[in-house]
Every structure is written in structure tokens, then in C-alpha cells.
Amino acid sequence: MMSRCEEPLRGGKNAEEYISVDCQMADADEIIAEQEPSADQREGSNDEELIYKIYESPPAVSVIFFGLQQAILCVAGTMSLPLTLTSLLCEENNINLQAELQCNAMFVSGIVTLIQCTVGSRLPSIQGGSKAFLAPMIALLSIEQFKCASDLNQYAGQTDAVNSSLDLNTTAVGVITWHERLNVVQGSLITASLAQVLLGCTGAIGFMLHFIGPLTIAPSIIMIGLSVYEIIAKLAQPHWGLWALTCAIVIICGVFLEKVEVPFVWWNKKRGFHKVSCKLFVLFPVLFGVIIAWSVSGIMTAAHVLPEGADTPSFKARADFGIGSVRNAKWFFVPYPGRYGLPTVALGGILGMLLATLSSVVDTLGDYYVAARMCEIPPPPSHAVNRGILVEGLGSVLGGSIGIGHGTTVYSGCIGFIGITKVASIRVFQAAGVIMIIMGLCGKFGALLAAIPTPIQAGVMTIGLGVVISVGISNVKHVHLSTRNVSILGNSILMGFVVSEWVKKHTDAIDTGSPEVDQMLIVLCTTPMFLCGVLAFILDNTVPGTLEERGILSMRAELTTNSTAGSQGAHICELESYRPYNIPYLTPWLQKYSWSRFIPFLPTFKESSLKCRINCCEKAKRCFKPSCRVV
């Protein structure tokens, strides 16, 4: 059984305030008993037994089929990000560029997914584009230096558009091209992602959780969705009816028809061909929304309801507005680093991207725990978590160098898909990674995604970002709704939003005498996610309140429950229940060398603090040693 020890809470009001710390006994059998899910837990997390467990391999045809489904889910979640970036680059009419960015995004997602499932966290997960990076990207490209020509004319009070007289590569006033805009986003993303790489290498995520709580995370994530409303409105403008139809179909399929099961014939190795039912509507609501709305657009196009002129406002609502780009697109497209030029760095963009990276890391931790529970295996040990964060950070660096403009994160929907298909095989998710790489190498595929009418894409963005806002709100479940917490949450959201909107319209108010400092301050002050997060962080860590009231204990328990029990040195690698977290072929070799137990992201990593905890628990009920800290 586990024993417990207590230690003084640093920063508490008095020395009598303690936190409970779980201290594991050295016996490996007791560790397994504590870590492995009980029958009741398995029943609660999965109604039926998994057809294919994490280390089992389904037949090749089934692997491809299930992998394709996971890839489609990733496409639905990622397709809106290149569209947003294209708009920010002042290239809304450049369908070829949007197609390239779509291919880049799928290619990077496929590579990171494949690496993550093979040598990363070793959990079945899909790495897709993270919407957390939208807010800093919008703020960075909204400063006067990078504004589009139409925006500059609007602020200057001019009415004549100049876009038509400019080349596609020089759509901004002066010498700023879309390449230069993209390069500054790339450089900021790469630099910020190196912090995530550092977190994975050092295992410092446990230290971060002492200060970053739900009251910091919730307003930051909420503002991710709220900060993109202008782009959604601009994309939906060609036809608000198609936008509303897309939103309605996705909501009907994902919410109203959530429990409707569609019968069809299925096959597996145990039962052969047999009748099964599947909640098809909740699995592919975005796919249904795009297909139906695009079909309606096709009918309206054929009936000449939508105008044919490219200069008319409703042209981008036509079903065939991007068919020319699909026809002209290359079949084979190879993304590579440096394709769009050498990345540049903006300090304000780095800080904004850094906050987005931290938000993505915390979200990833929760997804790892859920994935382990769905797969009916123990929670990931610290070395697997560190390795997963490291790979995700490297993936964001790769994405920045190739030019996708955003980092990657674990897609929760793809993890939830395991509970429906009862297939947790790591081979399926590796196959999904390969499929996404193939999609990224096919230029026609990217052009097809870019050819979707913009109101339909705006509808998909609306629902996706609505879910992001909901995720932010759900973090409030950890905290007590006391006057302290309600005040911090409400004021941080409102103040961050108000300040960012005012600075956007009065950028000349910031004048320090240094153009570089002015640019940094403008980017930070026009990033509502950054303002809300920093304000909430300061208030949460300065206004008196217990860890329980602040929700830190609850969030820490959910994200890292028992995660340290599996990191007890080389011997833990030999436990059967932790076999999925070992790196094939590499773990047996590492066990021969003692130095490997000091590397936080290797399977043989051994936490030095564990021995101290065990001794503390054995010798006394209270531990006052400085080295015995909660991680």
C-alpha cells in the first residue's frame, strides 16, 4: 500500500500549512498494483474490451482503414489554420499558396505523428495543428509594418483599393512581401518552440505546474477563440447562408445525433463478418458539414444563383471558385525547410508564441493521461511524458522551418475515437502518420482543400474555435468559484480584450523612441491571449489563496496522477505493464549503461528524488528535507 508524507507548503501563509505527497514504496509489485487500472476503472473508461490493444497489430487492411479515419479527423481539425495564415499574409486570392500551406501542414502532422508514436510518448495519438498559435500570429501580422494594403487604406481614410494593381508577391505597401510576413512568423515560432524542447529535455514541466494553474490557463485558451472572430466574419462574408448551414449541420451531427447508431457490416479476427452499429454522425460531423454544404453550393452555382465574376463579393461562395487551382496543381509536392526564405525573429512574436506553447504543453499532458486510460494501461511515466513534449517541440520547430506558421499538439478527438472503434493499436496511428505524409506530398490534395468555398471553411472554423473556447471554460472545474477566483477570471478576460482592441486602433500611442521596443510592445499588447494569461498569472500568484482553492492540486492530480511511479530507474522498464512506453530495440541497449538513468527523456530514467521520498515515508510522517519537493 502507499504511505504518505507531508511537507511544508512553500510560500504558504504559515509553517502549519502542509501538502500531502504520495510516496511510493520500493517494491515493484506494489507499484504495479497501484498503477494498473482496476476492473472498475477499465469498465468506467471503456464499456467493452478493446479489440486490439496498444501493442497488437490488426490485419493490414484494417490498419489502413482505421488509419485513414484518424487522418481524416486530423485534416478536419487542421484545414482552417492554413486558410487563416493565407488571409493574414494578404494572399486571400492566392489559391496556390493556400494549397501549398495545406500540404505543408499535413506533411508536418504526419511526420510528427509517426515519430511520436514510434519513439516519443509511445501513446496512440495524432499530432495536428494547434489553434493556440492563432492569437499571437494574428497580433504579430496586425502591426502596421505587416498590415495589408487594404487595411492601411482603411485606416488612412482612403476608399480606392490598390490590391488590383499589385503583384501577388507584393500585396502590401512598400517592399513588404508575403514571404517576409511568413518569415517573421516562422522565426518566432521556431524560437518559442525551443522552450518546449528544453522542457522535454530537462523534465521541468513538474516545476511549471507549481505556478501555472487553471486560472491562468482558462482565460488564455478562451481568448484563442475570441481573437479570431474578425477573420471568420471576413471569410463568411461571401454568403452567410452557407456559413450558417455548415455550422448547423456540424452541430446537428455532433450534438443532436450524438447517440444515433448507424448499422453496417464489419469484420474482425474474432467474429469474422458481422453486423455492428457505429455512431457515424458524431465521428465525422465536419466531413458531413463540408460535403452537404458544398453540394448546396454546387446546386446554387448550377442554378446561377451565385455570380460568376471573380470581382463580385459572392464569388468565393461558388462551388467551382477554386477548381482552376486543383486542375493546375502539381501531383507531387515536396515541402522542405527554407522554401519561403530565411526565418527572421521579432521579440514580441516570440513572447506571444511562447505563451501559446505553454498552453499547448499543459493541454498535451491531459491528453496523455486520457490516452493511457483509453488504452487500459498505466498512466505514462515521467520519461514518456518528457519524451512526448520533446518530440512535440521538435515538431513545432520543423513546422516553423517548413512554413506552416503554427505548432503541433495532440488531437483529443482522435484519442476519443479509440473508445468507439475499440482499436488502440499503435500501428493504426503510425499508419495514419504515413497517410498524412502521403497527403502532404500530393499537391492536388492541398489544392482540393483550398478550393472549398470560404463560407464553408468559416463555418468549420467557427465550430472548431467554439470547442477551443469550451475547453478553456472547462478548466474552471478545478477551482472553487469563490469571490477571489471569479474576480481574477472575469477581470483578466475583459481587461485583456479591451486593451488589445484599443491598442489595435491606436498603435501610435506606444512611442518609446526605439522602433524595436515599440514593435515588441505593440505585438504583446495586441495579443489578447498574452494579456489575459499574464494578468491572470500575476493575480493568481499574488492574491492570497490556497492551492486547493486555486485548483492547482486538482489539476496536478489529473495531469500527473501516478506519472512519477513509473520512472524508477532501469527496473521499471522490465515491468510488463509499462512495456508500451519502452522504445523498441533501444531500451535493452540503454539498460547496459548507468549514465542513461540520468537523462529525463530516456526509458531508463530514474528520479533521484524518489529514494528521498521513500526514506521520508519510512522514517517519519512529516518530511522537512528541502530536496523532498512535490513534482
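This is a predicted model: local features need pLDDT of at least 70, side-chain atom pairs count only at pLDDT 80 or more; totals for chains, interfaces and linings use all residues.
## Overall make-up

The protein chain holds 28 helices and 6 strands. Of its 631 residues, 54% are buried. Among contacts between residues at least 6 apart in sequence, 79% join residues at least 24 apart.

## Annotated transmembrane regions

An unreviewed UniProt entry lists residues 197–228, 240–260, 280–306, 340–358, 428–452, 458–476, 483–500 and 520–539 under "transmembrane region". Two of these spans can be set beside the model. Residues 240–260 are 81% helix and 0% strand, with the end C-alpha atoms 29 Å apart. Residues 483–500 are 100% helix and 0% strand, and here the end C-alpha atoms lie 26 Å apart.

## Helices H12 and H14

Two packed helices are described by the angle between their axes and the distance between the axes. For helix H12 (residues 240–256) and helix H14 (residues 285–302), the axes come within 8 Å and cross at roughly 145°. The crossing of H12 and H14 is right-handed.

On the H12 side, the contact is made by Leu242, Leu245, Thr246, Ile249, Val250, Cys253 and Gly254. On the H14 side, the residues are Pro285, Val286, Phe288, Gly289, Ile292, Ala293, Val296, Ser297 and Met300. By type, the residues of this contact divide into 12 nonpolar, 4 polar and no charged.

## Aromatic pairs

A search of the whole structure finds 4 aromatic pairs. For Trp240 and Trp243, the ring centres are 5.4 Å apart and the planes stand at 80°, so the pair is edge-to-face. Both residues lie in helix H12, 3 residues apart, which is about one turn of the helix. An α-helix has 3.6 residues a turn, so residues three or four places apart point the same way.

Trp240 is partly exposed, with a relative accessible area of 44%. Trp243 also counts as partly exposed, at 22% relative accessibility; the cut-off for buried is under 20%. Elsewhere, Trp589, Tyr593 and Trp595 form one aromatic cluster.

## Helix H23

In helix H23 (residues 515–525), the buried residues are Asp518, Met520, Ile522, Val523 and Leu524. These buried residues pack against four helices: H6 (134–140), H16 (347–374), H22 (483–505) and H24 (528–542).

Ile126 is found in the loop between helix H5 (95–118) and strand E3 (127–129). Ile126 is buried, with a relative accessible area of 0%. Setting aside residues up to four places away in sequence, Ile126 touches Gln70, Cys74, Thr113, Thr409, Val410, Tyr411, Cys414, Phe429, Ala432 and Met436.

Gln116 is found in helix H5. Gln116 is buried, with a relative accessible area of 0%. Leaving aside neighbours within four places in sequence, Gln116 is in contact with Ser121, Arg122, Ser125, Gln127, Tyr368, Arg387, Gly388, Val391 and Glu392. The C-alpha atoms of Gln116 and Gln430 are separated by 8.8 Å, although the two residues are 314 residues apart along the chain.

Val410, listed above as a contact of Ile126, also has a C-alpha distance of 9.7 Å to Gly366, 44 residues apart in sequence. Gly366 lies in helix H16. Gly366 is buried, with a relative accessible area of 16%.

## Positive phi in two loops

Most residues other than glycine have a negative phi, and most peptide bonds are trans. Cys90 has a positive phi, near 65°. Cys90 sits in the loop between helix H4 (80–88) and H5. At 8% relative accessibility, Cys90 counts as buried.

His304 likewise has a positive phi, near 60°. His304 is placed in the loop between H14 and helix H15 (323–328). With 59% relative accessibility, His304 counts as exposed.

Notes: Residues are numbered from 1 along each chain as its sequence is written. Side-chain values use heavy atoms; hydrogens and water are left out. Axes are lines fitted to C-alpha atoms, for helices over the stretch in contact, and angles run from 0 to 180 degrees between N-to-C directions. A crossing is left-handed if the near helix is turned anticlockwise from the far one by less than a right angle, and right-handed if clockwise. Contact means heavy atoms within 4.5 Å. Ala, Val, Leu, Ile, Met, Phe, Trp, Tyr, Cys and Pro count as nonpolar, Asp, Glu, Lys and Arg as charged, and the others, Gly among them, as polar. Buried means under 20% relative accessible area, exposed over 50%, partly exposed in between (1.4 Å probe, protein chains only). Rings of Phe, Tyr and Trp (its six-membered ring) pair if their centres lie within 6.5 Å; planes under 30 degrees apart count as stacked, over 60 as edge-to-face and the rest as tilted. UniProt positions are given in the numbering used here, feature names are shortened, and annotations may be inferred rather than shown by experiment.
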